[in-house]
Amino acid sequence: DTKLAATQQQEAEWVKQQLEQQQQQQQRQSADGGSAPPTPGAASEGSFHFICECFFMTLKALHLGVVKLVDEVTDGPMYWNANQLVQAQQEAQAIVETWVK
């Protein structure tokens, strides 16, 4: 979970500030008469930046791959076979210890 340490009021103020900056840039561009490329940090409301999208897609891919692998290892037949081998080894050691005594 990636959450910011900000209150809802702080978030609303930040969003408002970002929208005001975008509007000011658009007004300056229209006053200049040219269409300058958008600022790299500015995304339209409701959309994410390319880097954010890449981050969350990577997070999702890792979550799907790694979590599935961990589930298979800890809950799958390989885990149970390994667990049975460990139990058998412990039982064998207990038997050997009783013989030695």
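**View 1. Along the sequence, the protein follows the pattern α-α-α.** Welcome to the whole chain, shown here as a predicted model. Its secondary structure comes to three helices and zero strands.

**View 2. Confidence in the protein is highest in α1 and lowest in α3.** The mean pLDDT is 86 in α1 and 82 in α3. For the protein, the mean is 78, and 79% of the residues reach 70 or more. Keep a friendly caution in mind as you look around: where pLDDT is low, the predicted coordinates should not be read in detail.

**View 3. Helix α1 runs from residue 8 to residue 32.** Count along this helix and you will find 25 residues. How far does α1 reach from its first C-alpha to its last? The span is 36 Å, close to the 36 Å expected at 1.5 Å a residue.

**View 4. F55 and F56 form an aromatic pair.** A pair of aromatic rings is described by the distance of the centres and the angle of the planes. The count of such pairs here comes to one. In this pair, F55 and F56 sit 5.0 Å apart, centre to centre. With 80 degrees between the planes, the arrangement is edge-to-face, because an angle over 60 degrees counts that way. Are the two residues buried or exposed? F55 counts as partly exposed because its relative accessibility is 43%. F56 is partly exposed as well, with a relative accessible area of 38%.

**View 5. I95, V96, W99 and V100 make a nonpolar surface patch.** The patch covers about 480 Å². One of its members, W99, lies in helix α3, which spans residues 77–100. Why does W99 count as exposed? Its relative accessibility is 69%, and the cut-off for exposed is over 50%.

Conventions. Residues are numbered from 1 along each chain as its sequence is written. This is a predicted model: local features need pLDDT of at least 70, side-chain atom pairs count only at pLDDT 80 or more; totals for chains, interfaces and linings use all residues. Side-chain values use heavy atoms; hydrogens and water are left out. Helices (H or I, at least four residues) and strands (E, at least two) are DSSP runs, numbered from the N terminus. The expected span of a helix is 1.5 Å times one less than its number of residues. Rings of Phe, Tyr and Trp (its six-membered ring) pair if their centres lie within 6.5 Å; planes under 30 degrees apart count as stacked, over 60 as edge-to-face and the rest as tilted. Buried means under 20% relative accessible area, exposed over 50%, partly exposed in between (1.4 Å probe, protein chains only). Patches are made of residues with over 30% relative accessible area and no salt bridge: like charges are joined within 9 Å, nonpolar side chains (Val, Leu, Ile, Met, Phe, Trp, Tyr) within 5 Å. Accessible areas come from the Shrake-Rupley method with a 1.4 Å probe; for residues, only the protein chains shown count as cover. A salt bridge is a side-chain nitrogen of Lys or Arg within 4 Å of a carboxyl oxygen of Asp or Glu. pLDDT is the predictor's confidence in each residue, from 0 to 100.
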